[in-house]
Amino acid sequence: MRGSAFVTLSRSLARLGRTAFPVALCVGMTVALTACGGDEDPDAGTNGVGKLSPAGIEKKAKTAARGADAVRLAGTVVTDGQTYKLSMSLKEAGGTGSVSSEALGTFELLRVGDELFLKADAEFWTHPDGKGGEGTSTPPSEADSEAADKLDDKYVKVPEDDPSYDQLRGFTDKTVLLDGLLGLHGKLGKGDRSEIGGIRTIEVNGSDGAGGSLNVSLEGTPYPLQLARAGGAGTLTLSDWGKDFPLKAPSKGETVDYGSTLPSS
């Protein structure tokens with residue numbers, strides 16, 4: 001299974017209004033009733049986060065995110081001119097989901113503890129990454145194609161010593177991923193109140209949105225529900241906070257294990 005018949009993983013990766021307020025009825029019959037009129041309190045019935053300073057809202061959201069047992073993260077991340085689409089379920093014990101881009105195609109990731117697995121189709125493993133001339137790509141050899149067919153739809157165990165391990169693990173690590181994504185830049189301010197998924201939210205932003213924005217729940221725990229990254233570097237929705245999901249290593253029949261290193265050309 002080793003030798004020029006395989007394309008290394010690291011080569012492949014290098015392509016790498018609903019608000020309801022109580023109505024006070026003015027009957028004028030008893031002093032026990034509250035008089036009608038005046039402005040409605042926008043924080044009535046909320047968790048009170050909207051009354052905090054922008055820095056206070058951001059701190060509450062980060063604390064809530066770190067304290068949650070699990071989360072589902074979906075959307076886009078733009079880095080080095082490449083757009084990645086993520087759909088990941090994450091918890092402390094690991095994570096599972098998919099990552100895709102125009103250059104790489106789509107691959108699945110599964111981490112259980114320190115064991116990390118990648119699953120993709122044969123096309124992913126034979127994706128051309130070399131240049132046979134200006135504007136042309138070197139096609140895979142027949143041997144490469146045959147080897148890729150054996151990896152098709154199999155979980156390939158990523159060795160911890162492989163250079164790709166840390167990069168890929170980051171996609172499945174709740175703490176690393178959230179700490180890297182939730183930061184806002186510039187002077188913090190408050191934005192509009194809105195709804196995401198039927199939940200009332202308050203926006204906190206950096207530099208009037210140029211430094212990113214974060215919509216934080218005004219109901220229950222103040223979880224971050226949507227993030228727009230600074231500089232138009234992607235938008236992510238965060239949901240299913242605290243909801244557990246199954247996480248199990250694939251069976252031996254579903255897995256290809258190369259030991260300490262991946263196949264090398």
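Predicted model: local features only at pLDDT ≥ 70, side-chain atom pairs only at ≥ 80, totals over all residues.
A polar contact is a pair of N or O atoms within 3.5 Å; within protein, one atom must be able to donate a hydrogen and the other to accept it. Thr 255 belongs to strand 14, which covers residues 255-257. Leaving aside residues up to four places away in sequence, Thr 255 touches Phe 117, Tyr 155, Lys 157 and Pro 250.

Tyr 155 is also the bridge partner of Thr 255 in strand pairing. Strand 8 and strand 14 run parallel to each other and share 3 bridges. Strand 8 (residues 154-157) also pairs with strand 5 (residues 115-120). Here the sense is antiparallel, and 4 bridges join the two strands. Within this pairing, Leu 118 has Val 156 of strand 8 as its bridge partner.

Ala 249 sits in the loop between strand 13 and strand 14. Its relative accessible area is 29%, so Ala 249 is partly exposed. Ala 249 touches Leu 110, Val 112, Glu 115 and Phe 117, with residues up to four places away in sequence not counted. The C-alpha atoms of Ala 249 and Leu 116 are separated by 8.9 Å. Along the chain, these two residues are 133 residues apart.

Aromatic rings were examined next. A search of the whole structure gives 4 aromatic pairs. One of them joins Phe 107 and Phe 124. This pair is tilted, with 5.5 Å centre to centre and 50° between the planes. Phe 107 lies in strand 4 (residues 105-112) and Phe 124 in helix 3 (residues 122-125), so the pair ties together parts that are 17 residues apart in sequence. Phe 107 counts as buried because its relative accessibility is 1%, under the 20% cut-off. Phe 124, at 2% relative accessibility, counts as buried too. Ring pairs link Phe 107, Phe 124 and Trp 125 into a cluster.

The relative orientation of Tyr 223 and Trp 241 is stacked, because their ring planes meet at 5° and their centres are 4.8 Å apart. The pair links distant parts of the chain, 18 residues apart. Tyr 223 is in the loop between strand 11 (213-217) and strand 12 (224-228). Trp 241 is in the loop between strand 13 (235-239) and strand 14. Tyr 223 counts as buried at 19% relative accessibility. Trp 241 is buried as well, with a relative accessible area of 11%. A ring also faces a charge elsewhere: the charged end of Lys 91 sits over the ring of Phe 245, 4.7 Å from the ring centre.

Helix 6 spans residues 174-181. Lys 174, Leu 177, Leu 178 and Leu 181 are buried in this helix. Viewed down the helix axis, the buried residues fall within an arc of 90°, so they line one face of helix 6. They pack against helix 2 (54-67) and helix 5 (164-170). Strand 1 (70-79), strand 2 (82-91), strand 12 and strand 13 are also packed against by these buried residues. At the N-terminal end, helix 6 is capped by Asp 173. A side-chain oxygen of Asp 173 lies 3.1 Å from the backbone nitrogen of Thr 175.

Methods: Residues numbered from 1 in each chain as written. Heavy atoms only, no water. Contact = heavy atoms within 4.5 Å. Phe/Tyr/Trp six-rings, centres within 6.5 Å; stacked < 30°, edge-to-face > 60°. Buried < 20%, exposed > 50% of the residue type's maximum accessible area, 1.4 Å probe, protein only. Lys NZ or Arg CZ within 6 Å of the ring centre and 35° of its normal. Arc of directions from axis to C-beta. Pairing = 2+ DSSP bridges.
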